[in-house]
2 protein chains.
Amino acid sequence: MNKPVSQAEFPTPTVTTGPLAGSRRVYTQPEAAPHLSVPHREIDLHPTANEAPVRVYDCSGPYTDPAASIDVEQGLARARTAWVTARGGVEAYEGRPLSPLDNGGATGKYLARAFPVRHQPLRASGAGPVTQLEFARAGIITDEMIYAAERENLGRAAALAGAAERRADGEDFGAAIPEFVTPEFVRSEIARGRAVLPANINHGELEPMLIGRNFLVKINANIGNSAVASSVEEEVDKMVWAIRWGADTVMDLSTGKNIHNTREWILRNSPVPIGTVPIYQALEKVGGVAEDLTFDIFADTLIEQAEQGVDYFTIHAGVRLAYVPLTAARVTGIVSRGGSIMAKWCLAHHTESFLYTRFEEICEIMRAYDVTFSLGDGLRPGSIADANDRAQFAELETLGELTKVAWAHGCQVMIEGPGHVAMHKIKANMDKQLEVCGEAPFYTLGPLTTDIAPGYDHITSGIGAAMIGWFGTAMLCYVTPKEHLGLPDRDDVKTGVITYKIAAHAADLAKGHPAAKLRDDALSRARFEFRWEDQFNLSLDPDTARDFHDQTLPKEAHKVAHFCSMCGPKFCSMKITQDVRDYAAGLSENEKADLERQADEASKGMAEKAEEFRRKGGEIYVEEG
Amino acid sequence: MNKPVSQAEFPTPTVTTGPLAGSRRVYTQPEAAPHLSVPHREIDLHPTANEAPVRVYDCSGPYTDPAASIDVEQGLARARTAWVTARGGVEAYEGRPLSPLDNGGATGKYLARAFPVRHQPLRASGAGPVTQLEFARAGIITDEMIYAAERENLGRAAALAGAAERRADGEDFGAAIPEFVTPEFVRSEIARGRAVLPANINHGELEPMLIGRNFLVKINANIGNSAVASSVEEEVDKMVWAIRWGADTVMDLSTGKNIHNTREWILRNSPVPIGTVPIYQALEKVGGVAEDLTFDIFADTLIEQAEQGVDYFTIHAGVRLAYVPLTAARVTGIVSRGGSIMAKWCLAHHTESFLYTRFEEICEIMRAYDVTFSLGDGLRPGSIADANDRAQFAELETLGELTKVAWAHGCQVMIEGPGHVAMHKIKANMDKQLEVCGEAPFYTLGPLTTDIAPGYDHITSGIGAAMIGWFGTAMLCYVTPKEHLGLPDRDDVKTGVITYKIAAHAADLAKGHPAAKLRDDALSRARFEFRWEDQFNLSLDPDTARDFHDQTLPKEAHKVAHFCSMCGPKFCSMKITQDVRDYAAGLSENEKADLERQADEASKGMAEKAEEFRRKGGEIYVEEG
């Protein structure tokens, strides 16, 4: 926020509350930990459906629960802090003093108001387990693991109760998706590094969730103010708006001034993991001059953000000095902001970056708060011309090595991936990442499958995201329609989130997640039976579906009408199908067997006739040639 | 058009004219036929780019040429009629008299005004070649083939002149994409049925184009009024609007009254092939009662539409009686409108449909005008639950048989495909189609990869369309955001077209079309060099790209600024890449070799360090477990 704002005038951020259309936020108590209250969303169907409510994954937080009291000035309840302190191994301490530099030196009317409440930070107090990875390796199932397992299971019991032919099929490319997610399965996935549960011990407001190849594919939404646009209030609103539509995590990519205060408002009101790129803030602290960055400034920034509760940090430690010149011949060079900061630093000092040489010290800081690594792909391709080149894959190999180092330090790790990649080169990215990063979760931006559609890069990238999610990527970073052109506003955030929910869900279906198809089937039944309201409410975006319908058929009566705008009231495909069903139901066993035989014969049908015609003269013009 | 409209008040349809931003419509004269003038679009770049204009495929017609005089009341110039009559084999004749039933019995103020000009129809006059397939088999290269070959080649010469490493890569799944498209290659592709050139001899306004696996992937836009909405003017406007943004063909799916007159206005103003589903009009002629349909009414409708110049007909001849009951257990039964009409007819009469039993007579009619078959998939899945089932594939096998029959009669054929298919089941559709339909071009609707996003089905289907296009589908039928909810308006048409241009282009890139990547690379260079105007103009939708940019950085000066809204004026990734390039350019040969060696070593880097740490104590918490 770089616009002047008086403290007195700083408004309380307004956020969207209330349930989605036709939905209720419900809670279940896991058997393994009845003190936990795990949220889901249930979509109620019309009584004529005679179907149970459809349960879907819910990352919207208490904002969609009318029973929850929301006070953005106080932040969300910090239920999780009790779980963290109860298991020990952490200590409260005074915390790092806030410096004016943390807000970019903003003062007076340029300084955004501090969050009204301050919580004392926690950190690891000894060598005992503190990260989810350390607990998992020690064979300990945490409350967070139980909570996250419960969320992943929605509807799965119902799916498994169904007949064998209703079970999901799919091609999972070697994943190991279980029929039912148990807390022990979650523990084992985290222990082997195949999943992360990003959960800074200082993020007490968190509703824990999982990122891993054997869980539902997740999506991330980027928000953040910049040197040229937007304010604290807008960013808090965008965060709540993004999770309302399904963002599983949110990255705060703020630059410019007021970074610290903006982040505090976001974190204290966020039920989802928050990620950042700490080098952005470190750069602000040195006046935007990359070569002036030092390890001390960077490490201090990590502690600052870790104390606030940031759940994962993008760290571009794979940008090694020797890789930088490999990008010189590219069409679009280095497009990652963090990557180019580090490249500039490496060139200026002609030495390896401190992110790489002092990586183990970074690990120690991140372990103390259980901040998850998101190892950044600073050399990702910025155009399809540069995809899968030597610079990109050399960095990926280094990220694989760093993964093992971080794991050795007890830190959770995921790996960031591209970017811009044409369809035929996408799978190679996934395969290479699996090979060199020991199955640590892959977290990709898109990829965009063509460069020719600025203004529509949610779509160019949604195609690539669906595919790479199918191949095994655990989390998809959204791209909005504003990519390459400007900062996303509220509408762009929603469009980006919905597009990526589509990609993630398409991937879940193709992988064969046991319960993924239940929602599709429920919606298709609603469509077939002209339960318009159910069709809207089962949609990822009920408001838009309803609005589009009303544009053509605005009358309320049409929402219960047994026809749609495509065919009109007189003729209806769906009606005829009912006739077909009635016909089929009226057939005797003999008639059925007879029809089966006819169907078999029919599909071989006219071959002879065609042959005969061809013999008789169908080739006549060829002879003229 | 079912709203009353007085003849005097019937307005001249207004259509959008003028070039796209930064573009010019240009014409080339093919060597093989210098009398032809073949359109392309050239996008001019800023002088600082020092690059030739980028040539792209243009299907917008004369509407984007400021030199062309457009009079919607007269229709476009009919240059192609001279090519058709010059080669003979056709005769002009009086034509079928117009019946009030052709416009659904609309009279007085409910009857849309007839198109002001009437052209006498042509038909085949004997056994000599009249269809493009017959000419191709006879070894004759038509003007249409030369014209279409010239369009396909844009930029390819430039691509081939480039260095070897600039050549496109790709995975084409067994296609045979040539380095350069010659008229002879076009002829051979048509002769073997692997491509169609839909070109009714009565569509004199046509700019011929190709649909086939070894040519650029094409897209179709559906328009058409219905019993509940829209008018003739709106549909003509939508057609011009759709081709402006890149629709290669347009289907007029009008129902209700005034079908004949609506179609005439569209055809006389259309430079792209127009497709229809004649059974829709035939159904109107029998008052909407499917079981009252007869072959005579249907055949008469085919002649009516063929005389007008419709280039391809969807014919649902694969809906065989025995397949109908196979759909009874589906989640969404039969969702194809044509499919359900024929299913209803089959059940009512308990016999095979006349489309199947009298298929050869249909072939004879279509041959006489060179109307291309688009064999309809009446049993396509309407939900992912129903994808790839027995009903769908049994029908596809019948379509394969019918393809051979139509070929034997000299008719061009393409095959329609689904629909709703989760990602892991898409390739099986393409493989099966190739296997049973002798490589006749596949023409699919999407497919939608999930059912849960009404309001966003351009995206759910764009994912599937890109993939199936990559696998070998020749033309992709667009889906708009209004799919399942209402009739698309102008904005929806544009969104659907742009989304499908993205899918088609992503497919071309992945298949390795020699010139496809030139536009991506030009745009990426513009992006890298902050040539904002070039970036906008090279986009599929320059207007939206410019508008999005201006929302964040509205000042005109920013369009030449060397920064973007993501990083702001102080810091810029792209600027740093220039530093990298300068650095690399300043290296001696020895320094370069040294860096190469370092890069090789670096990517193996920290393995030992990680091992060492693990040995020293990284596993400490495991021992506690």
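Start by selecting Lys344(A) and Asp579(B): the two form a salt bridge, with their closest N and O atoms 3.1 Å apart. (A salt bridge here is a side-chain nitrogen of Lys or Arg within 4 Å of a carboxyl oxygen of Asp or Glu.) Between chain A and chain B the count is eight salt bridges.

A quick word before moving on: this is a predicted model, where local features need pLDDT of at least 70, side-chain atom pairs count only at pLDDT 80 or more, and totals for chains, interfaces and linings use all residues. Residues are numbered from 1 along each chain as its sequence is written, chains are lettered from A and ligands numbered from 1 in the order in which they are written, and side-chain values use heavy atoms, with hydrogens and water left out.

**The interface**

Now colour the two chains separately. How many residues does the contact take from each chain? It takes 149 residues from chain A and 149 residues from chain B, where contact means heavy atoms within 4.5 Å. Together the chains bury about 12800 Å², 66% of it on carbon and sulfur atoms; buried area is the accessible area (1.4 Å probe) that two parts lose on being put together, summed over both.

Across this interface, 40 residue pairs are in polar contact, both residues at pLDDT 80 or more. (That is a pair of N or O atoms within 3.5 Å; within protein, one must be able to donate a hydrogen and the other to accept it, and residues adjacent in sequence count only if both atoms are side-chain atoms.) Highlight helix 16 of chain A, which gives ten residues, the largest share of the side of chain A that touches chain B. (Helices, H or I of at least four residues, and strands, E of at least two, are DSSP runs numbered from the N terminus.)

**The barrel in chain A**

Next, show chain A as a cartoon and find the closed barrel of eight strands, 8-9-10-11-12-13-14-15, with parallel pairing. Two strands pair if DSSP finds at least two bridges between them. From one strand to the next, the twist averages 25°. (Axes are lines fitted to C-alpha atoms, for helices over the stretch in contact, and angles run from 0 to 180 degrees between N-to-C directions.)

Zoom in on strand 13 (413–417) and strand 14 (442–445) of chain A, a parallel pair with three bridges. Gly417(A) stands opposite Thr444(A) of strand 14. Then pick helix 9 (295–308) of chain A, which packs on the sheet and touches strand 10 (274–276) and strand 11 (312–315). Helix 16 (490–511) of chain A also packs there, touching strand 8 (218–223) and strand 15 (475–477).

Most residues other than glycine have a negative phi, and most peptide bonds are trans. Select Pro418(A) and Gly419(A): a cis peptide bond joins them, with omega about 10°. Gly419(A) lies in the loop between strand 13 and helix 14 (426–436) of chain A. Another cis bond runs from Gly446(A) to Pro447(A), omega near 10°. Asn258(A) has a positive phi of about 65° although it is not a glycine.

**A sheet in chain B**

Last stop: the open sheet in chain B, three strands in the order 1-2-3 with antiparallel pairing. Strand 1 (23–28) and strand 3 (54–56) stand at the edges with a single partner strand each, so one side of each is left without a neighbour in the sheet. Find Arg24(B), whose bridge partner in strand 2 of chain B is Glu42(B).
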